[in-house]
Amino acid sequence: MNLVPTALTWTQVGGLLAAAGLVVTLLYLVKTRRRRVRVPFGPLWTEVLGRREVSSLWRLLKQVLSWLLAALVAVLLVSAAADPRPPREQEEGRSLVLLVDTSASMAATDVPGGRLALAKAHALQAVERLVPADRAMLLSVDGQVVPLVSFTRDPALLRPAIQALQASATAADWPRALRFAHTALRGRPHGEILLITDAALPPGMELPGLVADGGPMPDGRGASLNLQPPASDLQPVIRLLPAGPAAGEGGDNVAILAFNVRRYPVDRTSYELFLRVKSTFARPVRCELNILADGVLAEHIPLTLQPGEELHRVFPDLPVLGRKLLARLVFPEDVVDFFPTDDEAYALLPEQQKLKVALVGPGNLFLEAALLLDAQVELTRLSPEQYRDLPSPRFDVTLLDRTAPRPDVAGPRILIAPPPEGSPWPVEGSMDRPELTFVRRDHPLLRWVTLNDLNIDEAWRVTPAAGDTVLAAARQGPLLLYRGGASPTLLFTFDVVRSDLPLRAAFPMLLLDAFEEFFHHDAELLATYRTGETWHVSVPEELQEVVWVAPDGTRQRLPAQRGAVAIGGRSTGFHRLLLGPEEQGQERWLAANLADPRESDIRPRPDLLQAAARDAASPAGRGAAESTRPARPRRPPWMTVLAVAFAILLLEWFTYQRRVTV
Amino acid sequence: MVQTVSTPLFDDSFMKRLELLAVVARKVLGGMGRAERRSRRIGQGVEFADHRDYAPGDDFRLIDWNIYGRLGRLLLRLYEEEEDVFLYLLPDLSSSMGQGRPPKWDHARQITAALAYIGLSGLDRVSVVPFADGVIDRLPPTRGRGQIFKVFDFLQRARTGGETRLRESLRSFVHQNKRRGLAVVISDFYDGRGFEDALNYLRYHRFETFVIQVCDRRELEFGHHGDLTLVDCETQEQVHVTLNARLVERYRQAHRRFALRLEEFCTTHQIPYYLAPIQTPFDELVLKVFRDGGLLR
């Protein structure tokens, strides 16, 4: 059999042989030191040895035989290292790229063992059909396309990688996967791309190599497709291997597509819940939605969904019982939901932070009452003298009622009719019974605030500076003024007691809006993150690095740049960001859901299954399935060479021990 | 000369065994009185030995008048001379006797001490003359059981070493010791020049010779194999050999032939021969000697 070295060049083989022969010869020529043994009567030994028939030629031949055996072993070892193969194998091997779908839908259980187990079995079968000349590459396809094993002839490298595949909670990026595969096979003859997937691709997703050859499918999900045959030998063949239920089977799923919560701006003890649920069952299905807050069942909502129905529901006035909210669909025993990944959704209520508010003034019951409405306000009452004498006031917000602010104290503040001598705005006069003529209704400070027909007895007349925002004004001048910056300030140019503002619901709302504006407490909807997307999370600017703890406990260090961290989340659940040493408790929680209607639709596309069936029935497809069984054992030649070398070593050892070659 | 340190051998248990041997020896000898051993010399003893014809000048008192009365012939009565028997013990002190653990020299010393004790118990004069490449030392003839401790001390002080030269050693012995007697050679007889001439020296000079060949069966086992350099412990001659089982078997056969040759020589020349492997207790050998007679009469 004609063999050529594949791991070494002929020059390298020759060099190794020469070096091995030299080493063997040198070792052979080196005389070993004989052991000295004292005997009581040497003449007896002389008599014994003198009787031996010494044939110098035979002894020489036996010594040369030992050298020859050692040299032969060295030659065989060098040959094995060169990995000799028949030249024919080099030319006819395939280059196979295995694209295994590991997207969220592969976690469906509508086939025995699950779709991913079926995909792994297909992949292993394809690996077992490799002949020694074939090379195969393995990629997992979900939100990322990850090459797990580069081109190799060794099935032992592919098998464990296939067994280790796991489904993620992301959608599959097939276009990128196929581009990757084409790039990998560029220039390689006999290329083949094998897509192992449940075919639950979004309708309308086009794949390179898959062309539509007919009209739309009866169910409206995509057009009839065909696998495009390669245009040349250098263009790879694409094959689709379904790893899911047959067309029209499986796919029963009720999915939580959206789960979001927000607190009420005024009543922070309750929250509002937004939910979107869709059923792909072919029949009406009943289920229950359980809301758990910090692991405790908070709400239990029965649902009934018609086939294909998408349900939007808002659940108001839910009491806050915890921060981490989990929505879970529970099905009766006679209902089997094949896709459990989207049966749970996660959400986080914003953290409640108590505000330390200082109320400085001679006394104002209306102000105090308005502030006490907010349970998150920690109120400290101070007289102007106390405020003046306070060594270093540290409050989140300082509300100064008819009191001049201290220039040495920074931070957010609300000024109500400050005396002219201490006012940050120069007072130019007064306005008698000012009439409200302007209201900046779109400003966040005036959210849910109505100032219609506001009666004010008297107000100071001030001129706004550049950058100030006039929130409300009379003809003569501003009544409400806002200035941002390091010490954001809301200015009332009038004494609220000398108006009917405290009697309105707008008054406490205005104060709360001011607090929100100062600290950006978001009372809007807090959206969760979607798996498969890159999450940009803001962190303190001084941080260089954070630790990301996934729901399964795995940790990863991530760099932080300019107060932001980018995370490629692939799993649903509560993720944690450690912003410092864990014992210090500085952390931020994130909630992530699949929230992908296309991925939750786990029904395989009939057009793709049809295309796969047609390809399998075609002569080329049948040939690909049948012809790749190896005609002889896969064992490469170098293993045989190594076995022969080992056998010769045993023989040489035996002859040495039996003193045949010594 | 190779020095080999000997270990104390003559402890209380050894003394007890010697006593036992002495008792056995007395029984063998039939409970004879003092001066049990008789020399073959005709002398002035009281034991009748023989008759001879009267010659002018002979002592009239020796005429056997009973014979004259019966036969009418004048015959003299001859009596055995009562004299001491000299027992010479010649242990080999060469390097080959110091090989092995325990060395053959220990066994040879025990045999020497046992025979010395028997001889001293029988009121023989016992002398110990160790040799190697010549006569190394000499314990002068001594008599009496109490002298055994001198023998012990003498044997304890001896050190092995040197080449085995039997002929030179025994020739020196013969010339140094005029009084004839029993000569017991206790050796492994590993002399490349042979043993025949040496033993003949003793015979020719009318020493009653006994041969006790000390051997160690472990020397025949020879557990080494492969490429070896064999060094003679006495001559330091080297032999390069690649040893295998076949060669070892040939060595064993050669050793057996060597021992057989010595035995045949002794048998042919009526020299009592005893093979004394160190694996056999010394008292067994001595008892064997008693059973065979010869050394004790």
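Reader: Before we start, what should I know about how the model was handled?

Author: It's predicted, so local features need pLDDT of at least 70 and side-chain atom pairs count only at pLDDT 80 or more, while totals for chains, interfaces and linings use all residues. Residues are numbered from 1 along each chain as its sequence is written, chains are lettered from A and ligands numbered from 1 in the order in which they are written, and side-chain values use heavy atoms, with hydrogens and water left out.

Reader: OK, chain A. How many helices and strands?

Author: Chain A has 14 helices and 34 strands. Those are DSSP runs numbered from the N terminus: helices are H or I with at least four residues, strands are E with at least two.

Reader: And how much of chain A is buried?

Author: 48% of its 662 residues. Buried means under 20% relative accessible area, exposed over 50%, and partly exposed in between, with a 1.4 Å probe and protein chains only.

Reader: Which strand pairs with β13 of chain A over 9 bridges?

Author: That's β14(A), residues 296-305, running antiparallel to β13(A). Two strands pair if DSSP finds at least two bridges between them. A:Ile291 has A:Glu299 as its bridge partner in β14(A). The hairpin has 2 residues between the strands, and A:Asp294 takes a positive phi near 50° there.

Reader: What's on β13(A) besides that?

Author: β16(A), residues 324-330, is antiparallel to β13(A) too, with 6 bridges. In β16(A), A:Leu329 is the bridge partner of A:Leu289.

Reader: Why call β13(A) largely enclosed?

Author: Because 7 of the 9 residues in β13(A), residues 285-293, are buried.

Reader: Switching to A:Asn253. Buried or exposed?

Author: A:Asn253 counts as buried, because its relative accessibility is 1%. You'll find A:Asn253 in the loop between β10 (237-242) and β11 (254-263) of chain A.

Reader: What does its side chain make polar contacts with?

Author: The side chain of A:Asp342, at 2.7 Å. A polar contact is a pair of N or O atoms within 3.5 Å; within protein, one must be able to donate a hydrogen and the other to accept it, and residues adjacent in sequence count only if both atoms are side-chain atoms. The A:Asn253 side chain also reaches the backbone oxygen of A:Ser600 at 2.9 Å.

Reader: Now the interface. How many residues of each chain are in contact?

Author: 34 residues of chain B are in contact with 21 of chain A, where contact means heavy atoms within 4.5 Å. The two chains bury about 2,800 Å² between them, 60% of it on carbon and sulfur atoms. Buried area is the accessible area (1.4 Å probe) that two parts lose on being put together, summed over both.

Reader: Which chain B residues lose the most area to chain A?

Author: B:Asp227, B:Val231 and B:Tyr251, together 19% of what that side buries.

Reader: What about B:Val241, where is it?

Author: In strand β9 of chain B, residues 238-243. B:Val241 counts as buried because its relative accessibility is 2%. B:Val241 and B:Asp227 are 14 residues apart in sequence, with 6.0 Å from C-alpha to C-alpha.
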